[in-house]
Amino acid sequence: MSATHHLDLTLIDGYLEALDISVIQQMLDLYIGQSKVYLLAIKDAGANGDQKAWQSHCHKMKGSAASAGLSQVHQKLIELEKSCEDRETKTKQVQTLTELNQEAIAVFQQWLIERVRVE
């Protein structure tokens, strides 16, 4: 997938103008670590049928994804945050979200590598 599909390039390019590329890498690393925590919490909430926790954790990850410029992940979390599906469906939704998150992170990492080469 392309960077334009997964990333908010306007936001990230703005970061690049204001921050050193190493700071952007640190931001992405922080997001990667935090997204693992969020995904586990979302998965647990879905498996336990805890709608309030589901919405809360989706909301937190949604903000984190938006701040990191992961626009597709952010959009998916907008959908999932309000999801009232059964546990089985939520398990599938978490799997889809996890895969989308991994793709977006890989695209962002590739984007960073290309920027380092340019500098």
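Lys-62 and Glu-81 are both buried, where buried means under 20% relative accessible area, exposed over 50%, and partly exposed in between, using a 1.4 Å probe and protein chains only. For Glu-81, the relative accessible area is 8%. This is a predicted model, in which local features need pLDDT of at least 70 and side-chain atom pairs count only at pLDDT 80 or more, while totals for chains, interfaces and linings use all residues. Residues are numbered from 1 along each chain as its sequence is written, and side-chain values use heavy atoms, with hydrogens and water left out.

Lys-62 forms a salt bridge with Glu-81, and their closest N and O atoms are 2.7 Å apart; a salt bridge here is a side-chain nitrogen of Lys or Arg within 4 Å of a carboxyl oxygen of Asp or Glu. Because Lys-62 lies in helix α4 and Glu-81 in helix α5, the pair ties together parts that are 19 residues apart in sequence. Helices are DSSP runs of H or I with at least four residues, numbered from the N terminus. Glu-81 belongs to helix α5, which covers residues 71-81. Leaving aside residues up to four places away in sequence, Glu-81 touches Gln-51, Trp-54, Gln-55, Cys-58, His-59 and Lys-62, with contact meaning heavy atoms within 4.5 Å.

By the same rule, the count comes to 4 salt bridges. One of them joins Glu-79 to Lys-76, with the closest N and O atoms 3.5 Å apart. These two residues are 3 residues apart in helix α5, so about one helical turn separates them. Lys-76 counts as partly exposed, at 22% relative accessibility.

Now move along to helix α6. At the start of α6, a side-chain oxygen of Asp-86 comes to within 3.2 Å of the backbone nitrogen of Glu-88. The side chain of Glu-88 also meets that of Lys-92 in a salt bridge (3.6 Å, N to O), and the two lie 4 residues apart in α6, about one turn of the helix. Glu-88 is exposed at 55% relative accessible area, and Lys-92 is exposed at 53%.

How confident is the predictor? The chain averages a pLDDT of 95, and 98% of the residues score at least 70, on a confidence scale from 0 to 100 for each residue.

Technical notes. pLDDT = per-residue confidence, 0-100. Polar contact = N/O pair within 3.5 Å; in protein donor to acceptor, adjacent residues only side chain to side chain.
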